[in-house]
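Here is a short report for a reader new to this structure.

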Amino acid sequence: MRFYNLIVLSFVCTSMAQSVLGQTTLPKVFSANTPDKTAIGIREQAKAASQAITRLYTNESTVTNKDSIRSFIFAQAGVTYHKETPLNLKSTKTIQLGSFRIENIRYQSQPGVYVTASLYVPEGTGPFPAVVNMHGHWPGARRTEIAQTTAQLLAQNGYVCINVDAWGAGERSPNPHMHEYHGSGLGASLLHVGSSLLGQQLTDNIRAVDLLCSLPYVDSSNIGATGASGGGNQTMWLAAADNRIKAIVPVVSIGTFESYIMNSNCFCELLPSGLCGLETWTVLGSMAPRPLKILTAMNDANPAFTSAQMLRSFKKTKQIYASNGAAKQIEYELFNSGHGYWNEMQISMLSWFNQHLKNGNRPNYTAIDKITILPEDSLATYMGVPREIEVATTAQFCREKGQMLRKKMFDTANFPDGVKRSELINLTGFIPDAVKKTHPTGTVNGWKKIIIETEGGNLIPLLIKHPSGENRTYNLLFYPSGKDSIPDNLLAKYSAGNAGVVLADLWGTGEKESAEARRIDGSLPPFHTLSRSLLWLGKTIMGNWIEEVDAIQQVIKTNYQARHITLCGYRETAVAILLHAAITNGKDPLILEEGPISYLFDQEPNVNFYNMSIYLPGFLVWGDISLAASLTEAPITVIDPRSISGRILSKKEQILYGNEFMDMGKKAGKANHIKFIYNEIKK
């Protein structure tokens, strides 16, 4: 059999039956007032994972396993530390301000990747102790008032301080002089190329320590780290990853990883699979016996950073310090304030660094009221001059890295499907969840209501309209926001003729939607909270969906003796049914409508066209959509595929991608049957 590809460039008329039932009239499967099963379930998983970590580690083992903890962080975050890479330090402007100067700089973090930063340097020849100061989620990034105040306070008191623009923030934003959120779909896109927002920030900060150690006026044996909120989170990871950090002061950022689940934390605070091997106290404990002081606000509105959560981690961490003979090297301090890096906290930080980086010496103490906040523009590395191309934005980095990974895929001679299928199973975490029982709950307007109960305790609500006569053909229709959101015309299209129709609410959608997660998401893209929470547990929404598609297919084939099944997926669910077919070597026809043609980063403005269920860590490292299609012999119809940012493909792109799918099929030795239908044409 031969692999063939058909591109239809003309408008395709699809016969539309009269709408069967509108999206507002579909019956409910679960009873009214059903609890938020999704939120409850994911919290139970997080609690179990946290308890497993407690059983795994003892106080002594955390100390002795410092290297393995560091290796775990590097591997899961995708840290790419290149110590041999030249720093290529360049100063673009120097400002003299009283007893210190400020240098607006850039340095090289990875080969061809530059970081914008500011160096605060006291008068004199030194050597001075130094501090890496990391900012949180606030406009202005390293140049904001909080970051300036901290850096100036340190410089006036005899410390070299480096303020770094976190990856994707400040002058490293898509628009270097406009604040843009670096998380959500933009930051999550790093996952596809085998990295993470946390990993990129950690790489930059380790290189900032390299930079400080390279300066002749810095005492490399006395370097501290501090930051608040997201910057406090970076402080924790940097200190765990780099033993050169001698004293540590994380601010309004310490809780428990368990408390991050179903919370509003940013993607830059996510360690993929973190709760599969670590808890906050194990990371903090790996710093022993280095001096650690945790500053916490008693009125913090973020549930992950409350004093109660901090104390859960502090108590376990102190036991580790005590077992290492360093009980006096760890402290915490509570402040009657909200989330922030307030003046009294900055004074506490300075006192801790004076004690541990200056041996208690506190000469020339300068009060905060003597600090002069400068206009942010004056601290820009590239104000008035074009930003160097090497100051990579997330979009630029993801696209270039993605192109390299896809080239590697193209250059591979062949793809043994057993190997790539096994890799895909590991990538998605697919574990078949056998059907335990089905629970019929009645019939409304011709729709049979069914609840699938799996051996794993999962409950999947289905609506089934059986085919007419002896016909045993079913269309399984999946929609990314659940069955109640299916547009009338889409439902009519797949209900046309004599075929039966099966509608399902996959994990987190429709009747399984988490109202709590939707509230936490706010203006962020759908599934932000659920996606980030699952990633902490080493899982993905896409992986959950694939397992549920498998269970649903079992039920329709076994319980209803279906002779023919067509799986129909729209947008994000198109990926789920394709990957399920690739994993199971499925042969049932697939219809993929408006799904992504490739995971290659396209353009930043519409990065959130697909919701957060689309993200699969390492997907482009594994391959791409075309490779997944080559692992199944199922007939595949691809309707109006789009770029990963939702852009309609040009005619040239349609031809190029058509050839790509054909080539991947040949390399996999599969006789795939793929038809492309384009109703929307872009010249």
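## A parallel pair

In this predicted model, strand β9 (residues 292–297) pairs with strand β10 (residues 330–335) in the parallel sense, over six bridges. Pairing requires at least two DSSP bridges between the strands. K293 stands opposite E331 in β10. From β9 the chain runs through helix α10 (residues 307–323) to β10, and this β-α-β crossover is right-handed. That means a clockwise path from the first strand over the helix to the second, with the strands pointing away from the viewer.

Helices (H or I, at least four residues) and strands (E, at least two) are DSSP runs, numbered from the N terminus. Residues are numbered from 1 along each chain as its sequence is written. Local features need pLDDT of at least 70 and side-chain atom pairs 80 or more, while totals for chains, interfaces and linings use all residues; side-chain values use heavy atoms, without hydrogens and water.

## The whole protein

| Element | Count |
|---|---|
| Helices | 21 helices |
| Strands | 19 strands |

Buried residues (under 20% relative accessible area, 1.4 Å probe, protein chains only) make up 61% of the 683 residues. The C-alpha atoms fill a box of roughly 90 × 50 × 40 Å along the principal axes.

## The interior

A nonpolar core joins buried Ala, Val, Leu, Ile, Met, Phe, Trp, Tyr and Cys residues through side-chain atoms within 4.5 Å. The largest has 160 residues, and I162 and I552 have the most contacts inside it. Apart from this core lies another of 32 residues, among them W138 and C161.

Technical notes:
Buried means under 20% relative accessible area, exposed over 50%, partly exposed in between (1.4 Å probe, protein chains only).
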